[in-house]
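My entries follow in the order I made them.

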Amino acid sequence: MSERLAIGLEKGWTVKVNGKTYEADLPATLDLLGIGEPNSSPDLAKLSRKNMFAGKAVFSRDFNYFSENKSVFLFLERTRVTRAWLNSIEIFSKESRSLSTPHIYELEGIEPGTNRLDVEVDNNFEDSAILSSHAATEETQTNWNGLIGRIELQVLPKIRIDRLRVQAGSNNEAKVAILLANDSDENCEGTIELASDGFKQMFIHVSIQKRGREKVEAVLEPKGTPGLWSEFEPTLHVLKACLLGHDCLEETFGLRIASSDPSLCLNGKRIFLRSEANCAVFPLTGCAPMDEGSWEKLFAVYKSYGVNAVRFHSWCPPEAAFRVADRMGLYLQPELSCWNCENLFGTAEDRSYYKAEAEAILDTYGGHPSFLMLSLGNELKFSDTILRAYPKINFMACESHALKHRDDFHCATDEILGYALNDKNGLEYADHLLKELKEKDPSKLYTFASNGYYGYQPPTEHSEYFHAQTFGDLPLRGAFSGNTGQIYEKPPETLFNYEAAVKKLSVPAISFEVGQYQVFPDVLDEPARYTGPLEPRNFTQTLQSLREKGFSDTEISTMIEASGELSFLGYRQEIEAALRTPGLSGISLLGLQDFPGQGTALVGMMNALGNPKPYPFADPARFKRFFAPVAALAEISRFVWKSSDKFSFEFLVANYGPSDLSGEASWQLCAESGAILAKASEHLSAPQGRLTRAQKASVSLASVLEPARLTLELAFETANASYDIWVYPEFAVYSRDGSDVRDVRDVRDVLIVSSLGEEALARLESGGKVLLSPNPCEIAKSVPGQFETAFWSTIFGAGTLGISVDPKHPVFKEFPTFSHSSFQWFNLTKNGRPMILDGLADLVPLVKVIDGFSTLRRLGLLYEAMVGNGKLMVSSLGLEEGIANPEVRALRESILDYMESDQFNPVAKLAAEEIAL
């Protein structure tokens, strides 16, 4: 039996860049080696590279080789476009342009003794689809240049097993596909032995022609019932294949069968994808990790938040990620290195490149059970142009030794494309490609694009699932750019879902890039953690601006925590709406992890370094309560109630766990003191893969005599949930003489005015109290009101990030509140307009509004000050305009009671002319 050898080539390289030569140990990128043009410019839109380089770098080294009668290959696990020379003679690889798979060069002319390798790496891409993808964008992992991962000589038997692939067949069988190679000058007759625990041993006679390749297929019958692979039981097996007398190869595999009719199913059971979008964010290296340890750490954090699937946004991870996902039970969706929103597949170059990349991804990683789905790219739009002329050279089919010019590798023909290029437009070509990929590897599920045409293109004939933000005009998520959508625009409730869109689709639907709620940047803790080739100059610039504007560390920390809590609330709304949607097959977030580019989109519970943010809002256990295989849900029509109401809700259970469930579904409504106002339970059967409606309930709130926060608590089996509601007694705010204040401006000893006119100024001068409560729409020095934090980043427009208050302040005595935004603040913050308070350094608003980090204005919705001899309260909350809402009436009454009390003693002193609205 001939031995396989892998000879590492990590040490002793030189790299030539722009005429200069440097010593280098690999694997590394030029960034990690400190090579390139120094970059000192601060970039507020993304992380900054310390050194920049785009172009050709030549990596060279000598090595000794002493084996004979072997096939020898140079294996470069991950790189950019490459060319290679052995002893100054160019050698070729069909993978030399792949960003997703290893480049493998056969060293045909190698001789025993000292040999020289030269590898040119070029990252100067002219293809905008590649440069905008996360395989190469500067917004995330950067467009690095270098050689990373395994760099080795592979010394292999001339007669060998080149590839071994195992996938599930029917009746727990294992379907085996083997590619045999014969690089010798003689024909070979031989026997393959297949052996795996749990399966019957098998022997197959084979014939391999000299200098040829032979494909062999077999079906291994199970001895009993081998375990199937899923997120709940990621059972793996090992197959050993031996071409007796020549070569042996082992393959780890998992048996699973995926289907998509009418919902996503695995092994005959419905699954619900709880997906995170991985955008290749690796700031400490500037490139993807190639080791399993790094992926284990990242995936463990994902799973701690409840994630069971990972979408790789416009890129494909390395082998190590698939191996770890196999063990951990994660479903993966890689994508081609493409983000073309205009005209993909309009050229022969596009079609040949991406077809080759798709096939290489399947060939390289297709044996992993975790590799469940494949998309052709992110937010694609396909060319309507029908090609009429094209090059005639097939770079993939040509023998490498026959190639005379490197440009041949940029051409394509009918043979590689499968049919004439001028027969199809771009979308038709994409669908035909899906058909070919499915024929090549039927174990995967395929779609023409992730959010193709932004949801306005129905799934193509051969798309097996639909992954988008909308289906036409019907939403599949709750928030969109411009701070629009259900969650931004409508009062909070938990009735809405996306069933209208799902019902119109003939394939499973998965919502796309859900969330995108900003969190204020952690400029206090995070910047010092960037120890690699990328620097957070955007963070340091923000911190400097905060210092110049007088924000203390305590204020900054409060802004981070308050915005994070509100962002968390938005993600919960999104996820529960998806779980409430019958037939929806999954939700893909964007994202749990911050995105450091595109204007700096800090939207995560995790920072860009892959760690939970060091604040309570980012606690994975809190998130996992609703981002879980089995979730307890409540349908609630609103979150603000009156004491005269009957609070009603419906108890639901979403069961996407491994089996049917049966047990007690219980609920209780509790006061903040812990007292139970009402409770009930019933036996519930919750079938696997379904949304089950448990019970409807109604509770009188007549016993709630003071403004209160109540908590509805649900429990079923391993699932539990709680929802806060706010209840206000039926009271009217009257003046001392008994008249209704809605028509009377003088309340007790507080004058309520909409502007600082003569009467108000006179009252203040005489030592009186004034509530200045103008119509928010008439306040010039203000910004638009909103409840949820701003969408994605500043490139989608400005916005605020929630409020911050002191819940123990007496102004909120009759208005229960957290220190951050919660649902009873919706009308107040949506209809109010935050006042711009820049220049009033001594003023601490009672209701602070957190501004976006690109503007960092001091904003407030409520503040107090001494003006002259009097005491002034200023509100832009729309207290008069929103008085019909019970929560607005309650806050107004609480403010007035506070102003009447001895505790109303403002610290800040302002002149009347500083109260500029």
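Entry 1. I looked up a serine first: a polar atom of the Ser260 side chain lies 3.2 Å from the backbone oxygen of Glu464. I count a polar contact as a pair of N or O atoms within 3.5 Å; within protein, one must be able to donate a hydrogen and the other to accept it, and residues adjacent in sequence count only if both atoms are side-chain atoms. This is a predicted model, in which local features need pLDDT of at least 70 and side-chain atom pairs count only at pLDDT 80 or more, while totals for chains, interfaces and linings use all residues. Residues are numbered from 1 along each chain as its sequence is written, and side-chain values use heavy atoms, with hydrogens and water left out.

Entry 2. I placed Ser260 in the loop between β22 (258-259) and β23 (265-266). Strands (E, at least two residues) and helices (H or I, at least four) are DSSP runs, numbered from the N terminus. Ser260 is buried, at a relative accessible area of 14%; buried means under 20%, exposed over 50%, partly exposed in between (1.4 Å probe, protein chains only). With neighbours within four places in sequence left aside, I found Ser260 in contact with Leu445, Glu464 and Pro508, contact meaning heavy atoms within 4.5 Å.

Entry 3. I turned to helix α3 (residues 292-304), and noted 13 residues and 18 Å from the first C-alpha to the last, close to the 18 Å expected at 1.5 Å a residue. The expected span is 1.5 Å times one less than the number of residues. At the start of α3, the backbone nitrogen of Gly293 has a side-chain oxygen of Asp291 within 3.4 Å. Just after α3, I read a positive phi of about 105° for Gly306.

Entry 4. Which residues of α3 are buried? I listed Trp295, Leu298, Phe299, Val301 and Tyr302. They are on the same side of α3, because they cover an arc of only 155° around the axis, taken from the directions from the helix axis to the C-beta atoms. The buried residues of α3 pack against β25 (273-278), β26 (309-312) and α4 (319-328).

Entry 5. β25 runs parallel to β26, joined by 4 bridges (DSSP must find at least two for strands to pair), and Ser275 stands opposite Ala309 in β26.
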